[in-house]
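The comments are set out as numbered points.

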Amino acid sequence: MANNIGRIWETDPDSKPRERSSQFANDIVGRFRSGRLVGKTPEALNEWRVTTGDPVVAELITGLMGGESAEWDTDKEDNLEILTDSKSVNIIIDSSDKLDASMKLFGNSGLVHHCDGVEFLSPDEDKGEPCGCPPLLEDRKAKARSGRGPKPSVDLVFKLEASPESGYFRFNSGSWELVKVLHTVIESIDKYDGPVRATLAIENVSYTTKAGRDVSYNKPVVSVVGAYVPATQADMEKAA
C-alpha cells in the first residue's frame with residue numbers, strides 16, 4: 001500500500017514529531033508554582049502545584065509527586081495542572097546562571113520598573129542609571145506593598161533528579177524571604193564545578209508576636225545537597 005502522506009512534514013518541518021529526548025531535553029516543559037488564584041484572590045499552597053502543556057509530563061509529575069492532572073483556565077500553553085501531594089522535590093541545577101533575580105514593577109502597560117535594587121536593568125536607555133529604590137529592605141518592601149515600588153522576581157530553572165531527560169522546569173517567586181538568602185544559595189552552587197543536586201521545598205513559618213498575634217506563611221526554600229553525578233557515571237564509580 002502506498003504511503004500518500006510521506007511528505008506531510010516537508011513544508012512544515014518544525015511540526016514533525018521527534019524523539020522525546022532530543023525534543024524536550026533543553027526545553028521548559030513545566031512550571032512549579034506555590035500558589036494559585038481562586039477567583040481573584042491569591043491562595044498560598046502547602047504542596048507544589050505544577051502546570052504543563054504536555055500530558056506525558058503531567059503523567060510523570062503525578063507519578064513522582066502524587067495528585068491528579070486536570071485542565072485549568074488559562075490562555076497560556078501550560079493548560080494542565082497538578083495539585084501534588086509533595087512539599088519538596090529533588091532537583092538538578094546546572095549552574096548558578098540558572099538562578100536569576102531582579103526587582104520588577106508591572107503596570108497596565110506591562111513592565112514599568114526593572115532594576116537590581118541599585119541600578120536599572122531595562123530598558124536599554126536607562127540601564128545602569130540609578131533606579132531610586134530605598135536603600136533599606138524594609139522601606140523597599142513598604143513601597144512594593146503600596147504598589148509604588150518593585151518587588152522581587154526570582155527565577156530558577158532546573159531539571160528533576162528523578163527524570164533529567166524530561167527537560168527543564170521553571171519556578172518564579174516574589175518571596176522576600178528567598179531574596180534574603182539568595183546569595184548563600186548561589187555561593188553553595190558555585191562551590192561545585194558542574195551541576196548540583198538540590199531540593200526545592202515549600203516551608204511553613206509560624207510564630208506568635210509579642211503582641212499575641214499569630215503569624216503563619218509559606219516560603220520557598222532552595223537547599224543545595226551536593227554535586228550531581230549522572231546515573232551512568234555513578235554506576236561506573238561504584239563498580240570501580
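1. Two strands are taken to pair if DSSP finds at least two bridges between them. The model is predicted, and the points below should be read as computed from it.

2. Strand β11 (residues 196-208) is joined to strand β12 (residues 214-227) by 13 bridges, and the two run antiparallel. Within this pairing, glutamate 203 stands opposite lysine 219 of β12. Five residues lie between the strands of the β11 and β12 hairpin, in which glycine 212 has a positive phi near 90 degrees.

3. Strand β11 also pairs with strand β5 (residues 88-93), again in the antiparallel sense, over six bridges. Here valine 196 in β11 is the bridge partner of isoleucine 93.

4. The largest pocket holds about 1200 Å³ of space. Its lining comprises 34 residues, and Ser34, Gly35, Lys151, Asn172 and Gly174 lie nearest the centre. Elements giving two or more residues to this lining include β1 (28-38), β2 (41-52), α4 (176-190) and β12. The largest share, seven residues, is that of β1. By class, 16 lining residues are nonpolar, nine polar and nine charged.

5. The second largest pocket has about 480 Å³ of space. It is lined by 18 residues, with Arg31, Gly53, Lys76, Glu77 and Asp78 closest to its centre. The elements that supply two or more residues to this lining are β1 and β2, and β1 gives the most, with five. The lining has four nonpolar, five polar and nine charged residues.

How values were computed. Residues are numbered from 1 along each chain as its sequence is written. This is a predicted model: local features need pLDDT of at least 70, side-chain atom pairs count only at pLDDT 80 or more; totals for chains, interfaces and linings use all residues. Side-chain values use heavy atoms; hydrogens and water are left out. Helices (H or I, at least four residues) and strands (E, at least two) are DSSP runs, numbered from the N terminus. On a 1 Å grid over the protein atoms alone, a cavity is a set of points where a 1.4 Å probe fits but cannot get out, and a pocket is an open set with protein on both sides within 12 Å along at least five of seven lines; lining residues have an atom within 4 Å of a point. Grid points are joined across faces, edges and corners, and a volume is the space filled by probe spheres set on the points. Ala, Val, Leu, Ile, Met, Phe, Trp, Tyr, Cys and Pro count as nonpolar, Asp, Glu, Lys and Arg as charged, and the others, Gly among them, as polar.
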